[in-house]
Amino acid sequence: MPVEKELKTRLSALKRSRRFVRWVESAGLASELRDLLQQIKDLVENAQTGCTLLADFYTTDRSVFDRCDDSSGHIGDVYRYDACELFVRYAQRCTDKPWVAKLVLKTSQKDDYGVRDALVGNAAEYLPEAQLRWLIDQYQSLAKEEKDEFPRRHWLYQVESLARQLKDAPLFEQARRAAWGDEPGIAACVDIARVYLECGDEQTALNWLERIPEGESFQQQERDDLLLDIHGRQGNKQQQAEVARRSFSRQRSREGFEHWISIVGEDQRNELLNQEVRIILDSPLLSLTDANFLTVMEQWDAAENYLQTHAEQLNGDHYQFLLPLAETFESLARPLSASLLYRALLDSILNRAQTTTYGHGARYLRKLDLLAKTVSDWRNIEPHAVYVEQLRRQHGRKTSFWSRYGR
């Protein structure tokens with residue numbers, strides 16, 4: 001067929017090419033690859049031919065990745081998503097499912113760049129259970145024959161993927177144990193628990209999470225998310241509330257608080273919020289996450305008290321947190337707290353002495369000039385005039401900054 005021959009010629013040209021593709025050119029190459037896929041989609045009607053051409057497309061991965069800088073991931077995404085999506089469309093229409101399964105097995109056997117996994121990862125969309133089980137048997141056999149650890153685990157990973165698609169949690173557990181030993185680590189316990197939960201076996205999922213020692217912080221958020229789901233399904237409100245509280249306390253946010261309240265009940269909102277405010281204010285260390293929580297919950301007086309108490313701990317290097325806080329207090333006409341935050345930002349700029357940021361620093365100092373006019377009580381904080389005098393003493397030689405401020 002002329003069309004098929006033309007497409008195979010383009011695929012062969014991809015394999016033969018030796019031109020190095022720089023990072024800035026990677027998006028262009030990705031576009032060329034998508035054009036080739038689009039051509040296959042437009043010109044090839046026969047499902048079996050389409051599957052064959054897509055399998056051939058995947059075999060270009062070595063020649064493509066060996067000669068390009070794909071740091072941005074543009075090219076990898078074409079293989080993982082665009083090509084896989086088109087393969088699935090053809091494979092769904094192909095009536096010879098054993099042939100498709102054999103094609104997937106053959107294509108996946110030289111996956112040096114990890115992009116061919118996508119075909120296995122979506123196999124349940126185009127193969128019935130019988131062929132999925134056949135693939136599992138093939139990958140298990142390959143794993144048994146493999147002496148090297150890395151490729152053996154690669155085949156077992158395919159088994160895990162297919163087991164998860166089949167919602168066969170015991171098989172997933174078996175594959176993970178075969179890959180990493182009978183005493184799985186924390187990440188394996190979490191993964192196995194997740195699959196059991198996906199399969200509707202909440203108690204076994206909980207048992208796997210309970211294997212992890214108390215006080216272990218690795219993947220704590222992932223574990224808490226699973227525990228919230230498990231206890232929710234089992235109707236364990238008290239345990240679910242405790243997990244929600246723990247998860248919220250680890251990194252306070254409005255979303256975490258609202259989730260906690262949705263479990264314990266709206267009638268406890270004020271009491272729990274006041275309790276958290278007291279905990280934050282009693283802490284000897286500044287947490288910008290806690291400061292942000294106080295502001296989003298509109299606890300303005302508490303937020304001001306917190307920031308002013310921990311003024312010496314403010315670090316302007318964390319500008320992505322401090323600047324929004326400074327602008328918030330400025331908009332609320334709370335000039336003392338806004339001044340503290342703008343001072344921290346300005347101090348950071350001058351201490352780093354990077355002239356490209358002096359424009360921002362000059363703007364902050366002009367804001368401080370205006371804010372100072374509205375501060376009626378500086379409390380135990382240096383007045384603006386004293387602060388500016390110290391700035392000139394410490395950074396007077398930074399003429400670039402002062403000239404920008406003077407403008």
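## Second largest pocket

Helix H12 (202-209), helix H13 (220-234) and helix H14 (237-250) each supply at least two residues of the lining of the second largest pocket. Helices here are DSSP runs (H or I, at least four residues), numbered from the N terminus. The model is predicted: local features need pLDDT of at least 70, side-chain atom pairs count only at pLDDT 80 or more, and totals for chains, interfaces and linings use all residues. Residues are numbered from 1 along each chain as its sequence is written, and side-chain values use heavy atoms, without hydrogens and water.

This pocket holds about 360 Å³ of space. Of its 16 lining residues, the closest to its centre are Leu 209, Glu 214, Arg 223, Leu 227 and Arg 246. A pocket is an open set of points on a 1 Å grid where a 1.4 Å probe fits, with protein on both sides within 12 Å along at least five of seven lines; lining residues have an atom within 4 Å of a point. By class, the lining has six nonpolar, four polar and six charged residues. Asp, Glu, Lys and Arg count as charged; Ala, Val, Leu, Ile, Met, Phe, Trp, Tyr, Cys and Pro as nonpolar; the others, Gly among them, as polar.

## Largest pocket

The largest pocket has a volume of about 500 Å³, the space filled by probe spheres set on the points. Ala 311, Glu 312, Leu 340, Arg 343 and Asp 347 are the closest to its centre, of 21 lining residues. H20 gives the most to the lining, with six residues. The lining divides into seven nonpolar, 10 polar and four charged residues.
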